[in-house]
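Please view the sequence and coordinates alongside the text.

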Amino acid sequence: MRFAIPPALFLPAWSTAAVAAGVQNVQPSAQAIMHIAWLGLDVPVVSAILAVLGVVLARPIAPKGPAPLTVWQTFCVYALTALLLLAWVIERRPGFLFAFVMSIGLSFSILSVLEAIGDQAREFFSRLTAVFNPRGGSDA
């Protein structure tokens, strides 16, 4: 059995938590201790771990998408979400709580985001093929 939180209940609670988490004031010395160098990048470890945990823990309770996902598709959703959040954490250096709250929110909305990106990609490639496909018969 799958437990899903309806968006009407999730959005107000998550929005409040995101605003509250965004106003925290992290001391620079505490933030500097929690970083490691990995592949030439300065990674804030705790924020990165909390972002990935937010994805893993929130995805099972997120509302279902329009169609059930296969195991491979589910893994891809987890991986894309985690990579997107890790890139954001490395680039923007959010506080611990803000990274966790944002990862939960993205886990709830990632299928809609991926669907929108897919629709835009399909539209782009259909326009691109229309430009290179001759319309009508041959001119020979």
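Helices (H or I, at least four residues) and strands (E, at least two) are DSSP runs, numbered from the N terminus. Seen down the axis of α3, the buried residues fall within an arc of 125 degrees, so they line one face of the helix, the arc being that of the directions from the helix axis to the C-beta atoms.

Those buried residues are Ser47, Ala48, Ala51, Gly54, Val55 and Ala58, where buried means under 20% relative accessible area, exposed over 50% and partly exposed in between (1.4 Å probe, protein chains only). They pack against β2 (41-44), α4 (71-92) and α5.

## Basis of the values

This is a predicted model, in which local features need pLDDT of at least 70 and side-chain atom pairs count only at pLDDT 80 or more, whereas totals for chains, interfaces and linings use all residues. Residues are numbered from 1 along each chain as its sequence is written, and side-chain values use heavy atoms, with hydrogens and water left out.

Ser107 lies in helix α5 (residues 96-132) and counts as buried because its relative accessibility is 0%. Leaving aside neighbours within four places in sequence, Ser107 is in contact (heavy atoms within 4.5 Å) with Gly54, Val55, Ala58, Arg59, Ala62 and Thr81.

With the same exclusion of neighbours within four places in sequence, Val89 is in contact with Pro44, Ser47, Ala48, Ala51, Pro94 and Ala99.

## Annotated segments

The unreviewed UniProt entry carries the annotation "transmembrane region" for residues 36-57, 69-90 and 96-117; its positions are given in the numbering used here, feature names are shortened, and annotations may be inferred rather than shown by experiment. In the model, residues 69-90 are 91% helix and 0% strand, with end C-alpha atoms 29 Å apart, while residues 96-117 are 100% helix and 0% strand, with end C-alpha atoms 28 Å apart.
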